[in-house]
Amino acid sequence: MNEYSAHTDRLYEDPDIASFYDIDNAWSADLDCCRSLAAGTASLLDLGCGTGRFAAELARRSDCAVYGVDPAAAMLDIARHRPGGDRVTWVQGDGRGVRLGRRFDLVVMTGHAFQVFLTQADRQAALRTIATHLEPEGRFIFDSRNPAVAEWREWTPEQSGRRIEHPRFGAVEAWNDVSHDPETAVVTYGTHYRVSADGRMLSSHSRIAFASRSELERLLDEAGLEVEDWYGDWERRPCTPTSPDFIPLGRLRRSS
Ligand SMILES: C[S@@+](CC[C@H](N)C(=O)[O-])C[C@H]1O[C@@H](n2cnc3c(N)ncnc32)[C@H](O)[C@@H]1O
């Protein structure tokens with residue numbers, strides 16, 4: 001254990017539950033956007049890389065030196081074994097404190113991984129990690145959901161119920177449940193999988209934070225990061241008060 005208190009989340013730490021991640025999370029616009037930003041770059045760091053969907057795909061299709069960092073061994077295990085996984089340097093580490101001793105042309109955090117940082121101190125530490133690993137002309141991008149949109153209201157059993165076909169478990173019923181603490185802006189959500197064949201339940205309880213844009217602006221500035229563009233979604237639409245996401249694309253602040 002390092003200086004940070006690690007919250008163990010079975011969603012990512014339990015190999016059986018982690019094996020649902022790619023089925024429940026298709027390749028989407030965030031990864032397309034990062035792929036276009038990565039075109040022609042020589043090095044990329046994927047912080048909170050999870051099952052390595054993006055890192056492995058990029059490494060497979062380019063000469064880019066790709067690093068993926070994640071604390072969850074079960075997620076990294078999937079990452080290592082996917083096509084292209086052998087071309088990525090995987091590091092089991094915490095985005096708040098990891099130091100890789102090198103810099104990158106592009107640092108990304110996709111899939112709202114930034115929201116796993118529950119306190120301002122955690123978010124500040126993660127942004128310092130980004131700054132520490134950027135080349136002078138390197139760029140970063142990440143996404144954090146807009147609290148004003150309150151997307152978590154949809155994560156109810158009624159609205160989230162879905163049927164999944166899992167290669168090992170067969171037919172599975174899946175759903176979420178959720179609670180929101182307005183004091184801390186932390187959302188706690190359950191993810192539940194019930195295997196149809198034998199009724200076995202696989203469940204996790206996760207916590208994520210919904211930081212305000214003004215807090216992100218302040219923390220980015222404190223970390224020495226400069227934002228070139230704020231997008232409101234991964235189609236790169238402008239960020240407005242009702243956009244689903246806050247997506248800063250930026251770089252190290254140039255000294256004046
Ligand atoms: C929603 S997943 C996103 C994974 C990946 N970026 C993607 O787009 O598929 C969030 C990831 O953040 C990781 N994570 C949790 N705590 C973390 C921390 N302290 N530092 C870095 N990553 C962390 C989890 O293990 C998980 O893999």
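In helix H4, which spans residues 29–38, the residues Asp30, Leu31, Cys33, Cys34, Leu37 and Ala38 are buried. These residues lie on the same side of H4, because the arc that they cover around the axis is only 160°. The cover over the buried residues of H4 includes helix H5 (53–61) together with the strands S1 (43–47), S4 (104–109), S5 (134–142) and S12 (245–252). Gly40, which follows H4, has a positive phi near 80°. These descriptions, like those below, refer to a predicted model.

Helix H6, formed by residues 73–81, has Ala74, Met75, Leu76 and Ala79 as buried residues. What covers them includes the helices H1 (10–13), H2 (15–18) and H3 (21–24), as well as the strands S2 and S3.

For the chain as a whole, the secondary structure amounts to 9 helices and 12 strands. The radius of gyration of the chain is 18 Å, which agrees with the value near 18 Å that a compact globule of 256 residues would have. The C-alpha trace spans about 65 × 45 × 40 Å along its principal axes. Of the 256 residues in the chain, 53% are buried, and the chain exposes about 11,900 Å², of which carbon and sulfur atoms supply 47%. When contacts between residues at least 6 apart in sequence are considered, 61% of them join residues at least 24 apart.

In soluble globular proteins, nonpolar side chains tend to be buried together. The largest nonpolar core in the chain contains 30 residues, and within it Leu127, Ile130 and Leu225 touch the most other members. At least two residues of this core are supplied by each of S1, S2 (65–70), S4, H7 (120–132), S5, H9 (213–222), S11 (225–231) and S12, while the largest share, 4 residues, comes from H7. With neighbours within four places in sequence left aside, Leu127 is in contact with Phe114, Phe142, Leu219, Leu220, Ala223 and Leu225. Apart from this core lies another, of 25 residues, which includes Cys64, Val88, Ile141 and Trp234.

Helix H7 also contains Arg123, a residue that is buried, with a relative accessible area of 6%. Neighbours within four places in sequence again being left aside, the contacts of Arg123 are with Phe114, Phe117, Leu118, Ala209, Ala211, Glu215 and Leu219.

Two further arginines are located in loops. Arg99, in the loop between strand S3 (88–92) and S4, is partly exposed, with a relative accessible area of 44%. Residues up to four places away in sequence not being counted, Arg99 touches Arg128, Thr129, Thr132 and His133, and its side chain makes a polar contact of 2.9 Å with the side chain of Thr129. Between Arg99 and Thr89, which are 10 residues apart in sequence, the C-alpha to C-alpha separation is 14 Å. Arg236, in the loop between S11 and S12, likewise counts as partly exposed, at 34% relative accessibility. Residues up to four places away in sequence being excluded, Arg236 touches Cys33, Ser36, Leu37 and Tyr231, and a polar contact of 3.5 Å joins the side chains of Arg236 and Tyr231. Among the residues that Arg236 touches, Cys33 and Leu37 belong to the buried set of H4. Arg236 and Ala79, by contrast, are 157 residues apart in sequence, and their C-alpha atoms are 27 Å apart in space.

Most residues other than glycine have a negative phi. His112 is placed in the loop between S4 and H7 and, because its relative accessible area of 16% falls under the 20% limit, is classed as buried. Ala185, also a residue other than glycine, has a positive phi near 60°; its place is in the loop between the strands S8 (170–181) and S9 (186–195). With a relative accessible area of 23%, Ala185 is partly exposed.

Note on methods
Residues are numbered from 1 along each chain as its sequence is written. This is a predicted model: local features need pLDDT of at least 70, side-chain atom pairs count only at pLDDT 80 or more; totals for chains, interfaces and linings use all residues. Side-chain values use heavy atoms; hydrogens and water are left out. Buried means under 20% relative accessible area, exposed over 50%, partly exposed in between (1.4 Å probe, protein chains only). The arc is that of the directions from the helix axis to the C-beta atoms. Contact means heavy atoms within 4.5 Å. A nonpolar core is a set of buried Ala, Val, Leu, Ile, Met, Phe, Trp, Tyr and Cys residues joined through side-chain atoms within 4.5 Å. The radius of gyration is taken over C-alpha atoms; the globule rule is 2.2 Å times the number of residues to the power 0.38. Accessible areas come from the Shrake-Rupley method with a 1.4 Å probe; for residues, only the protein chains shown count as cover. A polar contact is a pair of N or O atoms within 3.5 Å; within protein, one must be able to donate a hydrogen and the other to accept it, and residues adjacent in sequence count only if both atoms are side-chain atoms.
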